[in-house]
Amino acid sequence: MFRFLRAVMTSSTTPRVPIPANGVDYRGKVVLAPMVRSGELPSRLLALNYGADLVWGPETIDRSLIGAQRRVNSRSGVIEYTRLPSNGGRKDAAAQESIIYRIDPVREKGKLIFQIGTANPEYAVQAAKMVAGDVAGIDVNSGCPKPFSTSGGMGAALLRTPDRLCSILEALVEEVGKPYQIGISVKIRILPEPGVTEALVSRLVKTGITGLTVHCRTPPMRPRERAIRDQLRMVASICHDAGIPCVMNGDVTSRDQGLALMEEFGVDGAMIATAAENNSSCFRSEAEGGLLPFMEVVHTYMKLCLETENRFGNTKYLMNMIIPGKNKELQDTKTARSYADYCQILKFDDLLPAALHLDELLNLTDKSAHYKGEARSKAAQNALENNETARAAGGASRPKSASPVASGVGPIRTNSIPKPTKPMPETEANIEITATAPEAAQKQEVTA
Ligand SMILES: Cc1cc2nc3c(=O)[nH]c(=O)nc-3n(C[C@H](O)[C@H](O)[C@H](O)COP(=O)(O)O)c2cc1C
């Protein structure tokens with residue numbers, strides 16, 4: 001009864017920031033945290049598959065995106081942002097294109113928050129405009145304590161330079177959030193002094209943001225140290241007074257626990273990082289069956305990697321996180337050198353044709369250390385001839401009408417940066433761009 005009265009009273013008295021037409025409300029959501037390396041496209045699709053309500057992409061530094069090119073991979077339908085590295089000034093070496101960010105425009109539609117690493121309002125706006133038409137929100141990383149981030153004034157350094165952080169958020173709200181009709185949010189850590197956290201949050205909520213995530217650790221705290229929740233109610237209360245949803249993060253390990261913590265601390269959402277890195281089925285509620293055996297998760301993850309043509313090094317990184325190190329039977333996975341190797345070791349026969357196909361595309365065929373089949377099985381040959389990677393991996397169940405894939409025109413179709421919902425005075429949002437050599441697009445940059 002009391003809870004009901006409180007809900008009625010709260011809903012009639014608490015302000016609520018309006019959520020832009022192409023944005024998303026963080027209220028009531030259990031979400032995947034931004035994670036460099038562990039938050040690449042297949043990991044995000046895995047989390048969505050198991051019920052994550054929203055997914056944050058890995059922090060991407062503003063300058064790595066500025067000048068990138070956007071294209072749609074016609075095999076997978078995935079949007080790829082690519083760029084040519086400077087090649088370290090070596091004129092002799094052929095520059096290899098890097099894919100710096102991938103988005104699934106169908107399965108991530110309305111659910112992807114792009115996290116930016118920045119210390120400069122102008123760069124932040126330029127970079128955010130590149131992706132604004134493809135995402136539901138832009139989030140500013142103001143919590144990373146690693147030296148590579150803080151030395152440039154980014155990440156947790158912004159917690160101590162609130163003028164700069166506020167000017168970044170205000171610029172993003174005006175020049176990206178409003179014209180593209182998406183939300184702008186920020187992810188912070190608590191500071192050791194509650195009064196400083198309070199002063200900071202009180203300023204942040206006045207910048208026009210539509211969400212704030214608080215990681216309940218201070219910048220010097222190590223990931224293994226337990227999250228501290230004693231500032232959480234205070235942060236949530238400042239957000240609520242301003243009508244802004246507050247998402248909590250730090251030691252949230254499952255959907256059910258997240259929902260219980262939201263209730264206990266009066267916050268609007270819960271964000272999961274390391275628990276999801278190890279087993280994304282933590283987004284399933286107990287009523288839905290809860291955590292799945294890791295092998296089932298590995299199979300789904302592999303399927304998604306094949307569908308999205310994930311960079312092999314990244315796939316291997318996350319496979320090592322998901323497969324328990326103590327499992328002797330699966331020790332061979334540590335030495336897998338191709339997708340076919342994984343299918344052989346894990347006995348994923350159903351995924352083998354797609355694995356062989358992707359190995360060909362990524363020049364991994366000759367590197368296999370375990371795969372003992374013919375260089376190409378008959379099934380794989382068929383898949384190659386019919387260009388049906390996605391179907392072999394189960395991706396063809398996607399609604400075709402929603403796919404951005406162009407009809408049968410070469411492997412990669414170029415595409416222009418989507419225009420803002422409202423007309424914009426700036427010109428760079430309307431630049432037409434041209435894609436370059438698709439085959440070289442296998443080297444992916446770790447962006448933060
Ligand atoms: C591998 C890894 C990469 C991370 N990368 C980012 C990042 O790009 N941006 C960010 O704001 N936080 C990043 N974090 C921090 C997480 O988003 C999260 O705040 C932190 O892990 C606490 O959540 P947890 O207790 O659920 O792990 C990363 C964490 C991990 C483990």
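Helices here are DSSP runs of H or I with at least four residues, strands are DSSP runs of E with at least two, and both are numbered from the N terminus. Residues are numbered from 1 along each chain as its sequence is written. The model you have open is predicted: local features need pLDDT of at least 70, side-chain atom pairs count only at pLDDT 80 or more, and totals for chains, interfaces and linings use all residues.

**Stop 1: Leu361.** Select Leu361, which belongs to helix 14 (residues 352–361).

**Stop 2: helix 2.** Next, select residues 41–49, which form helix 2; eight of its nine residues are buried, so the rest of the structure largely encloses it. Among the buried ones are Leu41, Arg44 and Leu48. Show their packing partners too, including strand 1 (29–32), strand 6 (98–103) and helix 11 (294–308). Just past helix 2, click on Gly51, where phi is positive, at about 110°.

**Stop 3: the ligand.** Of the 26 residues around the ligand, Ala33, Met35, Glu59, Ala273 and Thr274 come nearest (a residue is near if its C-beta atom, placed from the backbone, lies within 6 Å). Helix 10 (residues 274–278) gives the shell its largest share, three residues.

**Stop 4: zoom out.** The whole protein has 16 helices and 14 strands, and 48% of its 448 residues count as buried.

Conventions:
A residue is buried if 20 or more other C-beta atoms lie within 10 Å of its own, exposed if 12 or fewer, and partly exposed in between; C-beta atoms are placed from the backbone. Two residues are in contact if their C-beta atoms, placed from the backbone, lie within 7 Å.
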